[in-house]
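Have a look at the model, then work through them in order.

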Amino acid sequence: SVTWRDPAGELQITAIAIGDAASAQLAGRYTLRNRTAEPLTARLVLAVRPLQVTPPTQMLGKAGGVRRIERLAWTDGGLVIDGGPAVHPLVPPDRVGLWPLHAVGYPIAPVAAAPAPAPTSVVDPAGLASGALAYELSLAPHGEATIVVVAPLRGDAPVPVPPSAGPAGPARPGSRPR
């Protein structure tokens with residue numbers, strides 16, 4: 001886990017490997033906490049980009065770099081990269097943005113503004129397509145909201161359903177006192 005704090009809020013990001021060797025998955029949990037006695041509104045934007053930034057302490061024998069993304073699509077509640085499942089949020093985002101490298105406002109302006117319906121797929125012959133999932137969060141005083149995304153590490157891993165989800169799926173993130 002990594003935690004970033006400022007006087008108004010705190011963002012804790014936790015990565016967890018789940019599943020077996022044949023269908024391993026990576027779950028990313030993003031918990032935003034309001035550290036104040038006042039309501040807090042925030043936008044959490046999770047970006048999918050073709051660039052990997054690896055700090056020297058986490059090199060593990062591999063340097064960061066570019067992983068081509070020519071085709072990026074939002075299908076069945078998840079992002080698909082070049083035809084394969086990539087990221088599936090357990091809570092639907094408020095907005096999804098997809099754009100090629102040459103889009104106006106790159107890297108996140110297309111999802112921040114979103115005056116028109118966002119495209120459900122994009123093709124970038126340069127291999128630098130990007131996307132973002134945007135969540136508009138309203139936190140009560142000392143409240144928190146959690147967003148979880150799952151990505152297959154190997155194979156076509158099934159998307160887990162959280163234990164609290166009923167037939168309609170997980171509830172929209174809300175706030176709760178700590």
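**Exercise 1.** Are Arg33 and Glu10 buried or exposed?

*Solution.* Some ground rules: this is a predicted model, where local features need pLDDT of at least 70, side-chain atom pairs count only at pLDDT 80 or more, and totals for chains, interfaces and linings use all residues. Residues are numbered from 1 along each chain as its sequence is written, and side-chain values use heavy atoms, leaving out hydrogens and water.
- Take the cut-offs: buried is under 20% relative accessible area, exposed is over 50%, and partly exposed is in between (1.4 Å probe, protein chains only).
- Glu10 has a relative accessible area of 10%, so it's buried.
- Arg33 is buried too.

**Exercise 2.** Work out which partners Glu10 pairs with.

*Solution.* 
- A salt bridge needs a side-chain nitrogen of Lys or Arg within 4 Å of a carboxyl oxygen of Asp or Glu.
- Arg5 qualifies, with its closest N and O atoms 2.8 Å from each other. Arg5 counts as exposed, at 57% relative accessibility.
- Arg33 also bridges to Glu10, at 3.0 Å from N to O. Arg33 sits in strand 3 (residues 25–34) and Glu10 in strand 2 (residues 9–18), so this pair ties together parts 23 residues apart in sequence. Strands here are DSSP runs (E, at least two residues), numbered from the N terminus.
- Zoom out: Arg5, Glu10, Arg33 and Glu144 form a salt-bridge network.

**Exercise 3.** Where do the two ends of the Arg95–Glu136 pair lie?

*Solution.* 
- Their side chains meet in a salt bridge, 3.0 Å from N to O.
- Arg95 is in strand 10 (residues 95–99) and Glu136 in strand 12 (residues 130–139), 41 residues apart.
- Glu136 is partly exposed, at 34% relative accessibility.

Technical notes
Helices (H or I, at least four residues) and strands (E, at least two) are DSSP runs, numbered from the N terminus.
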